[in-house]
Amino acid sequence: MIKDLLSDPTTRVILCCGAGGVGKTTTAAAIALQAADQGRKTVVLTIDPARRLAQALGLNELSFEPHAVKAVPNLYAMQLDMKRTFDEIVLAHADPDRARTILENPFYISLSSSFAGTQEYMAMEKLGQLLASQEWDLIVVDTPPSRSALDFLDAPARLGSFLDGRLIKFLTTPAKAGGWAITRILNTGIQLFASTISKILGGQILTDISAFVSALDSVFGGFRKRADETYQLLKAPGSAFIVVAVPERDPIREAEFFIDRLNSEGMPLAGVIVNRVSPSLAPITISESKELQKSASPELNSALDLHIENVRAKTNEERLIKTIKAPALLRIEDADGEISDIAGLRSIDLAGKSL
Amino acid sequence: MNTAPRLHVVTGKGGTGKTTLAAALALSFAQAGAKTLLLEVEGRQGLAPLFGRSELPYREVELAPQLWGMSVDPREALLEYIEMYYKAGAAGRALAKFGVIDFATTIAPGLRDVLLTGKAYEATRRRPGSKSGSTFEGPWVYDAVVMDAPPTGRIGKFLDINAQLASLAKVGPIRKQAESISELIHSEMTTVHIVTLPEEMPIQESLEAVDELRGLGINLGHIFVNQMLEEKALDVFTDKIDGVVATALRAEVNRYTNRVTRQEKQIALLEELDVIEIAHMGEEISFEILEFIANGLREA
């Protein structure tokens, strides 16, 4: 079912989401590679690939634009750099002087490089750009390893509502009026607010904040609009979300959270990929193993102990996997070792045991 | 185990068991008789279930004998801060109303981190009956403070408070607090432990964190290698087992020994570091397992 999604020409965007450490980046790369193998011009947007996978995809510190992956026709890869994407927007929308003021503002630097939601928003922004270029048959996005799904889906709304908010209106007013002299026309609540924040944070910080906010306001006038457009695009036909998990308690819980969230937002959930599923085991039960152990050599005894442990772990895995409620479920068997080259990505069986 | 440092910061890549190890470390101190405070700073409520609770509040609660815990929320911390320094509850409410609290705690990450580490600073330096920062040389309220810190990818930024704040707040009490916290973090009183797994990606990321922390002049503690597999003598050569079953069993054995081989290769990369290995415990961590790990840590 997930394999069909790749070859379906109406699928334009696939977003892989899930907790950190579940093989999301590898899964996204495998999906992109296998779509490219079918002749679709595909780009994979990754966030933070492990070193060897990055090498396999030919990514380095400079790969912030799509570039062809050697030895794989139709496959392109690029890395997301949040600060750079942010800077690009500023440079594209502000005159050079204004852009310089913004880029040097301490709040801008702090916000663009480490605000918890920026990475998610910038992934959306990049996705919007890639879609607008009309160059790609398929775009595969590896989402940031957010602590929760909320971060990813909320990012546009959060930044948007911040920029629309009361605080911003308040902060931008004095900057336009030429400073904080405005206090005399404010009610006591705001006066108290202004004096408290300036005592705690230091007076200069207010000047920086208001300069930053008023600059942002002019550059990012259409910010919320664009964020909303991308959000709507994700809901539209042609987009598909894939939730990636591993069969352990916490990642499965996180996956369920994602599924609920996507459903409640009306986002098109295509299915769940469960990575690192234990391979099939020797066809003997725990009690048969114990029976055999009665007359076994110490080495065989240990081997059977290992088997019993494996059976228990696999039973637990299956119990966890059964709790997943999704339109499609794909189990990917645990590779014996790390997947970090093109051949390895190709060997991931995306047509596997769908449910 | 060396307990001379008093603020123990526990970091690690996501999925390595950072929270479990932070809890086990705190429990091991408490069981050795040290009054210990365990802090959560990411609001995930990951510590609570380990102690049979649904959540940890923003106040110190007793989790086990000698062990206290709390979840530090930047919003609450800022309100508390305003209250403490200005006795101005009204100001705090006004700030909340105008979105300043949200602003300070989400948009300006540097401020957020100062508020989160600020609690650890205050608790580490707290003396009985005195306010923090007092010169009174009595015993400390807490013998140890253990923080379940942000993951390795963010730890350098998180701990390097001064650099973060330098460009944001140039004067004022927040700035002063950042300087005091920074001093504590770079002192002998603080140590950072890294939790990892014996696999390529987590080890790589841990080594990067080691370099970063060394570059920042922050004391490095232990490297906890979690979920270590035991080396076993395994064999299935026998005439008692059906051929098909034997082949499949052999595959299971090979898989295991391959993992052990890969594990040894990864562990070798950590040779000059202070490594503590933690045996694989299965997926569900109960309080009993936590105690078991804590016992192991006490003896390590």
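In chain A, the axes of helix α14 (residues 286-293) and helix α15 approach within 10 Å and cross at roughly 170°. Since angles over 145 degrees count as roughly antiparallel, α14(A) and α15(A) are therefore roughly antiparallel to each other. On the α14(A) side, the contact is built from I286(A), S289(A), L292(A) and Q293(A); α15(A) contributes N301(A), L304(A), H307(A), I308(A) and V311(A). Sorted by class, this contact of α14(A) with α15(A) holds 5 nonpolar and 4 polar residues, and no charged residues. As with every feature described here, this arrangement belongs to a predicted model.

Helix α15 (residues 298-322) of chain A also takes part in a contact with the other chain. Its axis and that of helix α10 (residues 243-268) of chain B come within 10 Å, with a crossing angle of roughly 85°. That angle lies in the 65 to 115 range, and α15(A) and α10(B) are therefore roughly perpendicular to each other. From α15(A), the residues making the contact are A303(A), L306(A), H307(A) and N310(A); from α10(B), they are L249(B), E252(B), V253(B) and Y256(B). The class count for α15(A) with α10(B) is 5 nonpolar, 2 polar and 1 charged residues. The spacing of the contact residues can be read with helix geometry in mind: an α-helix has 3.6 residues a turn, so residues three or four places apart point the same way.

For chain A as a whole, the model contains 16 helices and 8 strands. Of the 355 residues in chain A, 45% are buried. Contacts between residues at least 6 apart in the sequence of chain A join residues at least 24 apart in 76% of cases.

The complex receives an ipTM of 0.78 and a pTM of 0.84 from the predictor. Chain A has a mean pLDDT of 79, with 72% of its residues at 70 or more. Within chain A, the pLDDT is below 50 over residues 174-186, a stretch that has 15 contacts in the model beyond near neighbours in sequence. For chain B, the mean pLDDT is 86, and 85% of residues reach 70 or more.

Turning to chain B, helix α1 (residues 18-31) comprises 14 residues and spans 20 Å from its first C-alpha to its last, close to the 20 Å expected at 1.5 Å a residue. Most of α1(B) is covered, with 13 of its 14 residues buried. After α1(B) comes G33(B), with a positive phi near 100°.

In chain A, N74(A) has a phi near 75° and sits in the loop between β3 (67-68) and β4 (75-79). Because a residue needs 20 or more other C-beta atoms within 10 Å to be buried, N74(A), with 19, is partly exposed. In chain B, Q66(B) has a phi near 70° and lies in the loop between β3 (61-64) and β4 (67-71). Q66(B) has 19 C-beta neighbours inside 10 Å and therefore counts as partly exposed.

Methods: Residues numbered from 1 in each chain as written. Chains lettered and ligands numbered in written order. Predicted model: local features only at pLDDT ≥ 70, side-chain atom pairs only at ≥ 80, totals over all residues. pLDDT = per-residue confidence, 0-100. Axes fitted to C-alpha atoms, helices over the stretch in contact; angles between N-to-C directions. Helix = DSSP H or I, 4+ residues; strand = E, 2+ residues; numbered from the N terminus. Parallel < 35°, antiparallel > 145°, perpendicular 65-115°, else oblique. Contact = placed C-beta atoms within 7 Å. Nonpolar A, V, L, I, M, F, W, Y, C, P; charged D, E, K, R; others polar. Expected span 1.5 Å × (residues − 1). Buried ≥ 20, exposed ≤ 12 C-beta atoms within 10 Å, placed from the backbone.
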